[in-house]
Amino acid sequence: MYREKENRVVDGVLNSGDNFFKSDLLLKEFVNNHVSSDAFTYMHDQWTKTGKSAANEMNEWSYLADKFGPELIRRNMIGEDIFEIRFHPSYDSLLKVAVESEMLHVKWEPKLRKKYKKELHTLGFVSGYLFSLTEQGQYCPLCMTDGVARLIDKYCKQEVKDKLLPGIYTKNAEQLLTGAMYLTEKRGGSDVGANIVSANKAQKDTFLLNGEKWFCSNANADIIFALARTDNDKKGTKGLSIFLLEKYLKNGEKNPIEILRLKDKLGVRSMASAECMLKDTEGLLVGEEFNGFKVMLEMINLSRLYNSLAALSAGRRAIVEAYTFLKQRKTFGKIALEHALVKDKLGELAALNIISFYMTWKSIQTLDKADNGDENAKISIRLLTPMVKKFTAENSVYLCRESMELMGGLGYIEDGIIPRLMRDVMVLPIWEGAGNIMILDMLRASLKDGALEKQVQYIKQTSFFTEEASTIVSEKLHKLLQTAESFKKLNGDELEFAAKYFFLDFMPLVQLAILEEYSNEANQERMIGAKEYLLLKITKKHKQKPYTKEDVINMMAWNFD
């Protein structure tokens, strides 16, 4: 067992740093340049504390919460149905870290919400990034809780806001009200328009919901938004309305929701996903009747950014673990990091991580601008959201898998974090819309909302780092725009097929423009490697020279002290 600090192994565990907020140079550079000084001062202690927890005790808690997952208690000792979910104590410890990180508090506490309104998503997601570097499973319930708050704030009456929002922005984990989205049904899956759960009016805006919801993550939630039909004659998504369900009724009794079973999932095992039966479950109509899917999209689109942030964090942690190991591992007479093929692979993974990093934060900052009335941002985010969701989700699976291989058999052992990350990220390409759905959403945003034109303009206005890069991008963009023009002549199947390959070719151009936007004197050296990687992808050429050890260290942007 190695204990020397330079070997980065302490008590048999790889030590990637004592505080991830201090170690992650990508994050430090971003917050220094893109968070206001006042907000940085306010959040600094929370980020430092969260980064320290993520590097230390959260590793053990996350391991235990995953290994000893939630348990359904259907009945009590006298045979009464109670449908309670029991968690390992480590789950509560993780939740305490999340609440104290203020990822929700800074976004929803009224005074802070007003003070930092231009950067609320950015501030909350920095805390979420640090948290999900170690714990992915619980980040889903936190995502749902933020999404629930968004719908309550935008669509509910003041009395509902006053009642529920304080439980979301609390700084006391024991008082936290968590949220959930009951969307999927066996009949429909991704085809939400096929849903059949019914809602019958009871009194005023109160309805009774009946039917089965098939994949309910955070099944123990206190606040649930569920889609249901009030009129079976109205088909598709246009016939869906949305309802707010609380765990407890006004008389203190439980709102009747039967938990049929917990899902035995490949990953994100720390949190409870379930199949639930609604039986005269009381729900409050939110927004206008038959407008439910449009309302739910607000939550879905925010969840897609959470999905992207989780993918970014998981991929980041995986390559850092591999990098930590390879800096001390000796093979064939020298440190593994000095072998050419190891450097080549780590350089590739670091480049992909940099691309994911800035693409994700660009999308988050665009949502901040959209929420503050920027009309261009409102259009741009409609294309950026499915684009970043698809890329980061698929990329995280690749980063985790390749990092595991770089560590060899040791990377495959559950004592380390990479196997858990590998299992956790496998759901990210599926959740909140699989890859094909993202392609269709990109196409929809391009044809109906004019979002493609905004991204084309963004690319054209970008000053690229070399004249050669500018020429390559210009020529590729010209060809792609010719392809896009031909879309008008295609029928449904032909259009969907063509859109897939169009966006796969278009995305690297957007990514390169984003890297240029976020480049500065301090990060330019590491950005060059990521930009050159994208140019090779655009031109479909292979790298002609190997990365140096210094290239890899610069692009990893990780400080162990």
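Which residue forms a salt bridge with Lys540?

**View 1. A salt bridge joins Lys540 and Asp505 in the predicted model.** The partner of Lys540 is Asp505, with the closest N and O atoms 3.5 Å apart, where a salt bridge is a side-chain nitrogen of Lys or Arg within 4 Å of a carboxyl oxygen of Asp or Glu. Because Lys540 lies in the loop between helix H19 (524-539) and helix H20 (549-556), and Asp505 in helix H18 (residues 492-518), the pair ties together parts that are 35 residues apart in sequence. Helices (H or I, at least four residues) and strands (E, at least two) are DSSP runs, numbered from the N terminus. Lys540 is exposed at 61% relative accessibility, whereas Asp505 is partly exposed at 25%; buried means under 20% relative accessible area, exposed over 50%, and partly exposed in between (1.4 Å probe, protein chains only).

**View 2. Arg86 and Glu71 meet through their side chains.** Their salt bridge has an N to O distance of 3.5 Å. Arg86 belongs to strand E4 (residues 81-86) and Glu71 to strand E3 (residues 71-75), so this pair ties together parts 15 residues apart in sequence. Arg86 is partly exposed at 49%, and Glu71 is partly exposed at 40%.

**View 3. Lys345, Glu348, Arg401, Glu402 and Glu405 are linked in a network of salt bridges.** Within the pair Arg401 and Glu402, the closest N and O atoms are 2.3 Å apart; Arg401 is partly exposed at 39%, while Glu402 is buried at 8%.

**Notes to all views.** Residues are numbered from 1 along each chain as its sequence is written, and side-chain values use heavy atoms, with hydrogens and water left out. In this predicted model, local features need pLDDT of at least 70 and side-chain atom pairs count only at pLDDT 80 or more, while totals for chains, interfaces and linings use all residues.
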